[in-house]
Amino acid sequence: MARPGVDFPGLGCGLAVMRDGKLLLCRRLKAPEAGHWSIVGGKVDHMERSEDAARREAEEESGLAIHSARFLCLSEQMIEADRQHWISLIYVTEDFSGEPRLTEPDKLSDIGWFDLSALPQPLSRFAADAVRALG
């Protein structure tokens, strides 16, 4: 079976979760971009709206309850090292409840809030695109 992002460009989504001028980032354990800091996000499922997918992925990865989000930017990631190609719709929110926690330790090694002027490195490509759009 063909795999999105590997055998053909995949459709992804992301959510830049903001609180008091800080961005929620998590550190990836798996490809693409293992070891990079990223916004929460993932793959858009068939017949799922990208905004709904971004909220679902954020809730799964952070344990937060996302109430609303708005479109922020489009990001295209061609990651040669992992031979992956993704096109991602990225959203932003400050409308959520709860405290973030590491809910998927098999996929993520750390999660936390970071000031936009002091972001950890390296950033994933779509996190970097989100930060530029937040500018």
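Is Met47 buried or exposed? I looked up Met47 and found it exposed, with a relative accessible area of 75%.

**Ground rules**

I am working with a predicted model, where local features need pLDDT of at least 70, side-chain atom pairs count only at pLDDT 80 or more, and totals for chains, interfaces and linings use all residues. Residues are numbered from 1 along each chain as its sequence is written, and side-chain values use heavy atoms, with hydrogens and water left out.

I checked the phi angle of Met47. It is positive, about 70°, although Met47 is not a glycine. Met47 sits in the loop between E4 and H1. My helices (H or I, at least four residues) and strands (E, at least two) are DSSP runs, numbered from the N terminus.

I placed Asp20 in the loop between E1 and E2. Asp20 counts as exposed, at 76% relative accessibility.

Then I looked for cis peptide bonds. One joins Ala31 and Pro32, with omega about 5°. Pro32 belongs to the loop between E2 and E3. Another joins Gln121 and Pro122, with omega about -5°. I found Pro122 in the loop between E9 and H2.

**Cores**

Next I turned to the inside. A nonpolar core here is a set of buried Ala, Val, Leu, Ile, Met, Phe, Trp, Tyr and Cys residues joined through side-chain atoms within 4.5 Å. In soluble globular proteins, nonpolar side chains tend to be buried together.

The largest nonpolar core has 18 residues, and Leu15, Val17, Leu24, Val40, Leu64, Ile66 and Phe96 touch the most other members. Elements giving two or more residues to this core are E1, E2, helix H1 (50-62) and strand E9 (108-115). Another core, of 17 residues, lies apart from it, and I noted Ile39, Leu72, Cys73 and Leu119 among them.

I followed Leu15, in strand E1. Leu15 is buried, with a relative accessible area of 0%. Not counting residues up to four places away in sequence, Leu15 touches Ile39, Val40, Ala54, Ala58, Ile66, Ala69, Tyr91, Val92 and Thr93. Contact means heavy atoms within 4.5 Å. I also noted Glu94, 79 residues from Leu15 along the chain, with the two C-alpha atoms separated by 10 Å.

Which residues does Leu64 contact, leaving aside its neighbours within four places in sequence? I listed Val17, Leu24, Glu59, Phe96, Ser97, Gly98, Glu99 and Pro100.

In helix H2 (residues 125-134), I found Phe126, Ala127, Ala128, Asp129, Ala130 and Val131 buried. The buried residues of H2 pack against E1, strand E2 (22-28), strand E3 (37-38), strand E4 (40-43), strand E6 (70-79) and strand E7 (84-93).

**Cysteines**

How many disulfides does the structure hold? I found zero. A disulfide is a pair of cysteine sulfur atoms within 2.5 Å. Cys13 counts as buried, at 0% relative accessibility. Cys73 is in no disulfide either, and its nearest cysteine sulfur, that of Cys13, is 12 Å away. Cys73 is buried, with a relative accessible area of 11%.

**Salt bridges**

My search of the whole structure found 12 salt bridges. I count a side-chain nitrogen of Lys or Arg within 4 Å of a carboxyl oxygen of Asp or Glu.

Arg3 pairs with Asp7, the closest N and O atoms being 3.5 Å apart. Arg3 is partly exposed at 47%, and Asp7 is partly exposed at 44%.

Asp45 forms a salt bridge with Arg56, again with closest N and O atoms 3.5 Å apart. Asp45 lies in the loop between E4 and H1 and Arg56 in helix H1, so this pair ties together parts that are 11 residues apart in sequence. Arg56 also meets Glu48 in a salt bridge (2.7 Å, N to O). Glu48 counts as buried, at 19% relative accessibility. I traced one network of salt bridges that share partners, joining Lys43, Asp45, Glu48, Arg56, Glu57 and Glu60.

Notes. Buried < 20%, exposed > 50% of the residue type's maximum accessible area, 1.4 Å probe, protein only.
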